[in-house]
Amino acid sequence: MSDDGFASVWDAIEDTPADAQTMKLRSTLMMALERHIRAKEWTGAEAARQLGTTEPRVADLTRGKIDLFPLDDLVALLAAAGLHVELRVSDAA
């Protein structure tokens, strides 16, 4: 077993640094949206109504089915929830 460390689980399991970055962004946005739904105490039906989507889609989100949510979909859902998304770009460490 190697002691090579990874900055995140995505760095360990994705094939390329670009794929790892995309997954980090997606997971961050999904977690933010899931926290917002919990904070608002929305039911699945209420979350679906507020977000302009379906209850099964909300269930997929809250169950962490990240493979079903591309970045653009997540940004649209966050905007529908009344949240603002910002992106910061920096040099790689």
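**Close-up 1. Helix 2 passes helix 4 in a left-handed crossing.** This view comes from a predicted model, so please read every close-up here with that in mind. Sorted by class, the contact of helix 2 with helix 4 holds five nonpolar residues, one polar residue and one charged residue.

**Close-up 2. The angle between helix 2 and helix 4.** Helix 2 covers residues 17–40 and helix 4 covers residues 55–62. Their packing angle is about 115°, and their axes lie 9 Å apart. Helix 2 is therefore roughly perpendicular to helix 4.

**Close-up 3. Helix 2 alongside helix 5.** Here the packing angle is about 25°, with the axes of helix 2 and helix 5 10 Å apart. An angle under 35 degrees counts as roughly parallel, so helix 2 is roughly parallel to helix 5. Helix 2 passes helix 5 in a left-handed crossing. From helix 2, the residues in contact are Thr22, Leu25, Arg26, Leu29, Met30 and Leu33. From helix 5, they are Leu71, Leu74, Val75, Leu77 and Leu78. By class, this contact of helix 2 with helix 5 has nine nonpolar, one polar and one charged residues.

Close-up 4. A probe the size of a water molecule, rolled over the atoms, shows where empty space is left. The second largest pocket has a volume of about 210 Å³. It is lined by 13 residues, and those closest to its centre are Leu25, Leu29, Val85, Glu86 and Leu87. Which helix gives the largest share of the lining of this pocket? Helix 2 does, with four residues. Helix 5 (71–80), like helix 2, supplies at least two residues of the lining. By class, the lining has nine nonpolar, two polar and two charged residues.

**Close-up 5. Stepping back to the chain.** To place the views above, follow the chain from its N terminus: the elements run α-α-α-α-α. That comes to five helices and zero strands. Along the principal axes, the C-alpha atoms fill a box of roughly 45 × 30 × 20 Å.

Methods:
Residues are numbered from 1 along each chain as its sequence is written. This is a predicted model: local features need pLDDT of at least 70, side-chain atom pairs count only at pLDDT 80 or more; totals for chains, interfaces and linings use all residues. Side-chain values use heavy atoms; hydrogens and water are left out. Axes are lines fitted to C-alpha atoms, for helices over the stretch in contact, and angles run from 0 to 180 degrees between N-to-C directions. Angles under 35 degrees count as roughly parallel, over 145 as roughly antiparallel, 65 to 115 as roughly perpendicular and the rest as oblique. A crossing is left-handed if the near helix is turned anticlockwise from the far one by less than a right angle, and right-handed if clockwise. Ala, Val, Leu, Ile, Met, Phe, Trp, Tyr, Cys and Pro count as nonpolar, Asp, Glu, Lys and Arg as charged, and the others, Gly among them, as polar. On a 1 Å grid over the protein atoms alone, a cavity is a set of points where a 1.4 Å probe fits but cannot get out, and a pocket is an open set with protein on both sides within 12 Å along at least five of seven lines; lining residues have an atom within 4 Å of a point. Grid points are joined across faces, edges and corners, and a volume is the space filled by probe spheres set on the points. Contact means heavy atoms within 4.5 Å.
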